[in-house]
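Subject: Two-chain model, handed over with notes

Hello,

Here is the structure I said I would pass on. My notes on it follow below the files.

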Amino acid sequence: MTEYVSTTPGLYPLPDWAKDDLSDLKGHQKHDLISGDEGEAITAAYEEARDEVIGVQQDAGLDRVVEGQLRWDDMLAHPLAVADAVETRGIVRYYDNNNFYREPVVQDDLEPTGDVASELEATAELAAGDDLQAVLPGPYSLADLATDEQYGDEADFLGAIADFLEGEVDAFPEHETLFLLEPSLVENAPEDGQDERASEAIDQVASATDADVVVQPYWGALEEKVYAHLLDADIDAVGFDFVANQDDNLYNIQEYGAPDDIALGLADGQNTLVEDPEAIRDRVEWVEGQLGVTEFETVYLTTNTETFYLPYGKYVEKLEVLAEAADLAEVTAA
Amino acid sequence: MTNENKDQFRPPEHDSDHFLLTTVVGSYPKPKWLNRAKELYEDDDHGFDADDYQEAKDDASRLITNEHERAGLDVVVDGEMRRNEMVEFFAHRIDGYEFNGPVKVWGHNYFDKPSVVSEVEYDDSWLVDEYEFTADASDRPVKVPITGPYTLANWSFNEAYEDDDELTLELADLVNEEIEKLVDAGARYIQIDEPALATTPDDHAIVGEALERIVADLPEDVRIGLHVCYGDYSRIYPEILEFPVDEFDLELANGDYDQLDVFKDPEFTKDLALGVCDAHVAEVESVEQIEENIKKGLEVVPPEQLVVSPDCGVKLLPREVAYGKMANMVQAARNVEDDLDAGTIDIERGAPTPADD
């Protein structure tokens with residue numbers, strides 16, 4: 001019988017009070033952003049905000065708890081932005097959004113920092129036994145967001161990023177699930193040869209944990225070849241952005257199959273319109289119906305994208321809807 | 001050669017034969033006391049009321065309009081003293097929008113990104129009061145900057161329309177209604193701001209369609225400009241030449257004119273409002289430097305089609321720097337006009353001849 005798991009890809013908006021407090025504490029310019037060695041007052045503000053968003057997830061009744069990635073000023077580029085071998089330069093556009101991050105330029109051999117691991121340690125303490133979910137950029141997206149001035153060769157650079165992320169995962173405390181976010185697989189699709197290397201890099205990072213690994217591309221569907229290669233990686237689930245594209249995602253699953261687990265991005269992480277839980281449940285059934293015989297072991301119900309695009313109140317509502325939709329799906333299935 | 005549409009803004013006392021219209025994109029640093037007045041107004045414990053705040057905004061509007069005159073600009077703006085942000089300001093005045101709180105742009109920079117929750121509708125005029133006040137405060141022609149429908153749609157959450165194109169066209173009708181009111185009130189120079197176009201250049205067709213609606217039934221002599229900034233212009237040129245506007249206002253100084261050649265081929269058939277001062281460098285360019293920048297524009301269009309302005313709104317600069325840039329810009333334009341009159345400027349216009357041809 002299918003288990004329905006409500007969760008999110010993390011990267012939450014800061015609570016409004018924390019937006020104000022941290023603006024005052026840190027400033028508004030690019031040199032004011034997180035470098036990994038922030039002082040006591042800033043650390044304390046983030047701890048309080050983390051505590052709050054963990055509470056939000058628990059109150060909503062989500063089946064997985066994430067840290068929230070509130071410190072990730074540079075969004076998915078964060079793990080590199082706090083690494084010693086990286087210089088952060090000018091502000092560059094974050095995919096096709098009206099959002100910007102500091103361009104991380106790799107200038108030396110990359111070494112894992114343990115930055116994300118320490119966030120997760122703190123989360124594990126606050127989560128009080130709830131199932132913990134780690135979140136990282138996938139290696140292909142992280143390489144795509146960065147500039148290489150050290151390795152010289154695209155394949156070597158992707159390999160170095162995979163080593164780096166593997167090292168970060170090695171330091172993680174025990175976790176139930178790991179989400180690897182891979183929007184670049186859609187937005188800047190790998191070409192021939194690159195697609196296979198992207199899959200191998202994902203496999204390498206996924207192999208560093210015993211947890212279930214979900215690879216979530218978004219802002220559309222993967223090209224067929226990219227999807228076929230991704231399935232070669234030893235991962236537990238692929239995520240599908242059904243908000244941005246239904247037909248091509250369904251086509252991929254019908255033509256190439258899917259792992260036993262699947263993540264369905266059904267709530268829009270970039271629109272304030274709050275979906276009805278029943279409507280989300282119906283869309284889960286619709287997807288399952290379209291796939292005919294396939295029965296999944298686990299279906300993750302999630303927003304398609306990160307949720308930092310939303311005003312805080314709307315983000316909270318989206319989480320509540322996901323938790324309720326998963327409960328409804330369980331009931332219907334039973 | 002003459003350019004009637006542009007020449008209607010030529011000051012009667014203008015000495016040179018050539019006329020390079022000088023103006024600004026719109027926003028200007030607010031006086032510190034205006035920000036303080038806003039804080040007092042928003043503080044419930046304070047007696048500073050809506051009338052007081054209105055008076056402060058009026059004072060600031062008059063002050064900056066006069067500052068633009070003092071700098072010597074041919075066409076002035078009030079520096080958008082009454083506006084907070086280019087989407088928020090309009091969203092507050094359009095039925096169908098609601099606000100749910102700030103969202104991140106980058107780092108700790110946020111804006112109150114509004115949501116369109118029902119059909120957008122025109123209620124009261126958005127800018128007629130602002131225009132009438134500014135026109136009254138100045139003897140010079142006044143330009144009215146107005147955020148375009150594509151940017152109003154794209155920088156909002158769309159909860160109510162099938163897609164953003166539909167919302168863009170609906171908003172275009174409202175912008176048209178507002179511009180008609182502005183024209184009735186006497187406005188002759190309107191600038192549509194569409195910064196979102198530069199970030200999503202594939203959408204130039206919908207912007208063109210929206211502009212057709214915006215200019216529908218407007219008198220010929222009303223000058224319509226389009227401001228687009230910070231993007232890859234090669235992805236929207238030459239398609240934008242089809243847009244029903246008189247002038248394109250472009251940001252080129254910031255990139256040191258590395259995109260200038262884009263506009264040389266095919267021939268630039270509209271007026272070019274050339275950015276000749278960087279809006280994000282807090283250092284006043286010298287008159288000589290700006291003269292060189294103005295001459296870059298003459299590589300693209302003849303003097304009759306050239307307008308001179310900063311790259312973008314200057315509201316993030318220190319006020320004295322913003323003023324210095326305006327004053328030097330006007331002086332540089334007057335110097336170039338004199339040189340053009342004297343026939344001492346020799347610039348080849350158009351596409352560079354390939355070396356191996």
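Predicted model: local features only at pLDDT ≥ 70, side-chain atom pairs only at ≥ 80, totals over all residues.

Overall build

Chain A has 12 helices and 10 strands. Its radius of gyration is 19 Å, close to the 20 Å that the globule rule gives for 334 residues, so chain A is as compact as a globular protein of that length. The C-alpha trace of chain A spans about 50 × 45 × 35 Å along its principal axes. Of the 334 residues in chain A, 52% are buried. Of the contacts in chain A with a separation of 6 or more, 78% are between residues 24 or more positions apart.

Chain B has 11 helices and 12 strands. For its 357 residues a compact globule would have a radius of gyration near 21 Å, and the 20 Å of chain B agrees with that. Its C-alpha trace covers about 65 × 45 × 45 Å along the principal axes. Buried residues account for 47% of chain B. When contacts in chain B between residues at least 6 apart in sequence are taken, 77% of them join residues at least 24 apart.

Chain A: the loop between H2 and H3

Gln69(A) has a positive phi, near 50°. Met75(A), found in the loop between H2 and H3 as well, also has a phi near 50°, again positive in a residue other than glycine.

Are these two buried or exposed? The cut-off for a buried residue is 20 or more other C-beta atoms within 10 Å of its own. Gln69(A) has 23 such atoms and is therefore buried. Met75(A), with 22 C-beta neighbours inside 10 Å, is buried too.

Chain A: helix H4

H4(A) runs over residues 115-127, which makes 13 residues. From its first C-alpha to its last it reaches 18 Å, close to the 18 Å expected at 1.5 Å a residue. Which residues of H4(A) are buried? They are Val116(A), Glu119(A), Leu120(A), Thr123(A) and Ala127(A). These cover an arc of only 95° around the axis, so they lie on the same side of H4(A).

After H4(A) comes Ala128(A), with a positive phi near 50°.

Chain A: a three-stranded sheet

One open sheet in chain A has three strands in the order E2-E3-E5, with mixed pairing. Strand E2 (86-93) and strand E5 (147-148) are at the edges with a single partner strand each, so one side of each has no neighbour in the sheet. Strand E3 (residues 100-106) runs parallel to E5(A) and is joined to it by two bridges. In that pair, Val105(A) stands opposite Thr147(A).

Gly148(B) lies in the loop between strand E6 (144-147) and helix H6 (149-154) of chain B. With 29 C-beta neighbours inside 10 Å, Gly148(B) is buried. Which residues does Gly148(B) contact, leaving aside its neighbours within four places in sequence? The contacts are Val175(B), Ile192(B), Asp193(B) and Glu194(B). Its C-alpha atom is 9.8 Å from that of Leu197(B), a residue 49 places away along the chain.

In chain B, the bond from Tyr237(B) to Pro238(B) is cis, with omega near 10°. Pro238(B) is in the loop between strand E9 (223-228) and strand E10 (247-250). The bond from Asp265(B) to Pro266(B) is also cis, with omega near 0°. Pro266(B) belongs to the loop between E10 and strand E11 (271-275) of chain B.

Regards

Definitions and conventions:
Residues numbered from 1 in each chain as written. Chains lettered and ligands numbered in written order. Helix = DSSP H or I, 4+ residues; strand = E, 2+ residues; numbered from the N terminus. Rg over C-alpha atoms; globule rule 2.2 N^0.38 Å. Buried ≥ 20, exposed ≤ 12 C-beta atoms within 10 Å, placed from the backbone. Contact = placed C-beta atoms within 7 Å. Pairing = 2+ DSSP bridges. Expected span 1.5 Å × (residues − 1). Arc of directions from axis to C-beta.
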